[in-house]
Amino acid sequence: MASYGSETPENALKLWLEANVQETGAAFKYALVGGSIFHFFKGLYRSPNGARLAGAWHAMGVNAPRVAGKFGAWFGLSTAVGIALGYARQKDDLWNPIACTTIPTVLLCMHRGRAATLGFASLAAGLTVAMELSGPIDFYF
């Protein structure tokens with residue numbers, strides 16, 4: 001991230017909005033494609049013999065937008081928390097990405113109860129720590 005003190009509040013807000021819209025849109029697109037593929041094959045497998053293709057198409061159309069909307073909401077909240085934490089703390093360390101994934105997970109899982117929220121938040125924090133500590137991954141193709 002860039003230095004936080006050198007920006008005007010209007011410029012910082014504009015940069016935040018652009019980043020938030022880009023992250024949320026990208027997450028929605030990727031989840032829509034991935035959810036479509038997953039639910040198409042799931043519907044293909046679970047439909048009766050005479051209507052496999054129609055069942056797969058129906059499952060994809062019903063479930064893929066729901067999955068994409070949830071991913072988009074999570075990434076939008078994650079970006080908002082990340083920018084707010086970076087601006088409030090004035091530093092970019094390991095705690096910012098942990099909070100960026102854990103706080104939206106808690107907010108979006110609270111309706112499931114305490115145990116499920118604690119489990120999903122722990123999973124999100126653990127995966128974030130593992131990814132942050134592993135460093136960048138280079139793919140050579």
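Student: What share of the 141 residues of the protein chain counts as buried?

Tutor: Buried means under 20% relative accessible area, exposed means over 50%, and partly exposed lies in between (1.4 Å probe, protein chains only). Here 28% of the 141 residues count as buried. This is a predicted model, in which local features need pLDDT of at least 70 and side-chain atom pairs count only at pLDDT 80 or more, while totals for chains, interfaces and linings use all residues. Residues are numbered from 1 along each chain as its sequence is written, and side-chain values use heavy atoms, with hydrogens and water left out.

Student: How many helices and strands are there in the protein chain?

Tutor: Both are DSSP runs numbered from the N terminus: helices are H or I with at least four residues, strands E with at least two. The protein chain has 4 helices and 0 strands, giving the order α-α-α-α from the N terminus.

Student: Which side chains meet in a salt bridge?

Tutor: A salt bridge is a side-chain nitrogen of Lys or Arg within 4 Å of a carboxyl oxygen of Asp or Glu. The structure holds 1, between Asp93 and Arg89, at 2.8 Å from N to O. Asp93 counts as partly exposed because its relative accessible area is 26%; for Arg89, also partly exposed, the value is 29%.

Student: Which residue does the side chain of Arg66 join in a polar contact?

Tutor: A polar contact is a pair of N or O atoms within 3.5 Å; within protein, one must be able to donate a hydrogen and the other to accept it, and residues adjacent in sequence count only if both atoms are side-chain atoms. Arg66, in helix α2 (residues 52–89), joins Asn63 through a side-chain contact of 3.0 Å.

Student: Is Ile103 buried, partly exposed or exposed?

Tutor: Ile103 lies in helix α3 (residues 95–109) and counts as partly exposed because its relative accessibility is 38%.
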